[in-house]
Amino acid sequence: MGIQADNPKLIELLLEQHKKLQEDRKVVLSKINPWLDILEKSSYSKIEKKQKRKEIIDIGNFIHYFDSSIIIEDALSESPDFIVKQNELNIGIELKDLIIRQNEKEKEGILKSLFEQIKSELKNEEKSLCGLYRIELIDENLSLKKKHKEALKKEIIALIKGQQIEQKYVKAIKKRSMSEISIYKGETTIVGNLERKVVEEKIKTKEDKLKSYSNENLDEIWLLLVIGGVEKSSDYSFFHSDITEKPFESNFDKIFIYGFFNREITELKITSHNNV
């Protein structure tokens, strides 16, 4: 259960939670930093490194909150994504981002690119523009085709510079102190629920890869579905009951859903269909 807003010790509890998260982060980094260093020196492309870095951070956090005794044996494996050791078991782990709304994920990618362009254009401006900017759009379903994208960019730049203009796209911009310019899109509500069919689709995309695994030294193979949670594409208010109560058909030995930002781990029930 989360911290309640009406708790008389709210500030004290938030400070304790922040301290605990900082301590957790140090422990996780101590375990994954050697692998991050190896990754940086590898021949992976820039895009591949970015994706693999995210996966290493995801697996490090999952292990910390699930079973901190698990040791990462190989973080640069491809089939499966990771090889770990739990007690005497050699376990392969496949990772998959659990994107709940694909159309929102595509929109987020476009906005991130747009915000990077704005940041680049403003980097040589006066230092008074530095800050963390939270952008709220008038129309959450705004089409981000080239015409609207360019107009939105010009409007955000003008508003950051403090110009008085007619706001056709931006509902509000909130600024917080920061030593550089950083921009993100704010969300007002948590929407949608995690449905069983979304989980089934993600399992199926990884299920097919099981047939290609040739490592006979693995005792078990797990699937880890990761929910980012900070963006709308990964946002949900609760799991449908048929996700936690009804078994999924799979040849993975274990399947977990891990919420990166709430640190919740859910192990799914599975029944083998023995097609591997």
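Colleague: First up, does Lys202 count as buried or exposed?

Modeller: A word on the source: this is a predicted model, where local features need pLDDT of at least 70, side-chain atom pairs count only at pLDDT 80 or more, and totals for chains, interfaces and linings use all residues. Residues are numbered from 1 along each chain as its sequence is written, and side-chain values use heavy atoms, with hydrogens and water left out. Buried means under 20% relative accessible area, exposed over 50%, and partly exposed in between (1.4 Å probe, protein chains only). Lys202 has 14% relative accessibility, so Lys202 is buried.

Colleague: Which helix does Lys202 lie in?

Modeller: Helices here are DSSP runs of H or I with at least four residues, strands are runs of E with at least two, and both are numbered from the N terminus. Lys202 falls within residues 196–207, which is helix 5.

Colleague: What separates the C-alpha atoms of Lys202 and Lys96?

Modeller: Along the chain, Lys202 and Lys96 are 106 residues apart. Their C-alpha atoms are separated by 7.2 Å.

Colleague: Which residue forms a salt bridge with Glu94?

Modeller: A salt bridge needs a side-chain nitrogen of Lys or Arg within 4 Å of a carboxyl oxygen of Asp or Glu. For Glu94, the closest N and O atoms of the pair are 2.5 Å apart. The pair links strand 3 to helix 5, 112 residues apart. Glu94 is buried at 0% relative accessible area, and its partner is Lys206.

Colleague: And which strands do Lys174 and Glu136 tie together?

Modeller: Their side chains meet in a salt bridge at 3.7 Å, N to O. Lys174 is partly exposed because its relative accessibility is 48%, whereas Glu136 is buried at 10%. They sit 38 residues apart in sequence, so the pair ties together strand 5 (residues 170–176) and strand 4 (residues 131–137).
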